[in-house]
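Subject: Structure for you, with notes

Hi,

Here is the structure I promised to pass on.

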Amino acid sequence: MLLIKCPYCEEERSELEFRAAGEAHIARPSNIADITDEEFADYFFLRDNPKGLIFERWRHMHGCGRFFNAVRDSVSDKIHLTYKAGEPKADVSAFLPNALEKGASK
């Protein structure tokens, strides 16, 4: 079982209290009415799925109810870092020296 630290509640809780909400830091179209159907399909459905470190959105469903971001290793399933929604993308090189080699440079 994963223990996930909510950056708002500031405590580790069981993964059963949380729900994954997809990829974090997605560039959304500024005017969605002006994009083509193909561009909309790419934006809405296609997501990166790298092996190694990934940036995800999570929601603390059975706690504060807020969304936050997490850096998770898709191989080991370990969550290395959580931070509040709206904050810039975390610099993973500060706490994992080989992070850039694992695909987290995006």
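Below is what turned up, grouped by topic.

First, some ground rules: this is a predicted model, in which local features need pLDDT of at least 70 and side-chain atom pairs count only at pLDDT 80 or more, while totals for chains, interfaces and linings use all residues. Residues are numbered from 1 along each chain as its sequence is written, and side-chain values use heavy atoms, with hydrogens and water left out.

**Nonpolar cores**

Let me start with the largest nonpolar core, which has nine residues: Leu 2, Ile 4, Cys 6, Tyr 8, Phe 18, Trp 58, Phe 68, Ala 70 and Ile 79. A core here is a set of buried Ala, Val, Leu, Ile, Met, Phe, Trp, Tyr and Cys residues joined through side-chain atoms within 4.5 Å. Buried stands for under 20% relative accessible area, exposed for over 50%, and partly exposed for what lies in between (1.4 Å probe, protein chains only). Strand 1 (3-6) and strand 5 are the elements that give two or more residues to this core. Strands are DSSP runs of E with at least two residues, helices are runs of H or I with at least four, and both are numbered from the N terminus. Apart from this core lies another one of seven residues, among them Ala 24, Phe 55, Val 71 and Val 92. In soluble globular proteins, nonpolar side chains tend to be buried together.

Back in the nine-residue core, Trp 58 has contacts that include Ile 4, Phe 18, Phe 68, Ala 70 and Ile 79. Contact means heavy atoms within 4.5 Å, and residues up to four places away in sequence are not counted for Trp 58.

Strand 5 covers residues 67-73 and holds Asn 69. Asn 69 is buried because its relative accessible area is 6%. Among the residues that Asn 69 touches are Ala 24, His 25, Glu 56, Arg 57 and Tyr 83.

How many salt bridges does the structure hold? There are four, counting a side-chain nitrogen of Lys or Arg within 4 Å of a carboxyl oxygen of Asp or Glu. Arg 72 meets Glu 56 in one of them, at 2.8 Å from N to O. Arg 72 lies in strand 5 and Glu 56 in strand 4 (residues 53-59), so the pair ties together parts that are 16 residues apart in sequence. Arg 72 counts as buried at 13% relative accessibility, and Glu 56 counts as buried at 11%. Arg 72 also forms a salt bridge with Asp 77, where the closest N and O atoms are 2.6 Å apart.

Asp 77 itself sits in the loop between strand 5 and strand 6 (79-84). Asp 77 is partly exposed, with a relative accessible area of 34%, and has a positive phi near 70°. Most residues other than glycine have a negative phi. His 25 is another non-glycine residue with a positive phi, near 60°; His 25 is found in the loop between strand 3 (19-23) and helix 1.

Strand 1 and strand 2 form a hairpin with four residues between them, and Glu 10 in the turn has a positive phi of about 60°. Four bridges join strand 1 to strand 2 (residues 11-14), and the two run antiparallel; strands pair if DSSP finds at least two bridges between them. Lys 5 has Glu 12 in strand 2 as its bridge partner. Glu 11 forms a salt bridge with Arg 13, the closest N and O atoms being 3.9 Å apart.

**Aromatic rings**

The whole structure contains four aromatic pairs, defined by ring centres of Phe, Tyr and Trp (its six-membered ring) within 6.5 Å, with planes under 30 degrees apart counted as stacked, over 60 as edge-to-face and the rest as tilted. Phe 40 and Phe 44 form a stacked pair, 5.4 Å centre to centre with 15° between the planes. The two are separated by about one helical turn because they are four residues apart in helix 1 (residues 37-45). Phe 40, Tyr 43, Phe 44 and Phe 45 form one aromatic cluster.

Happy reading!
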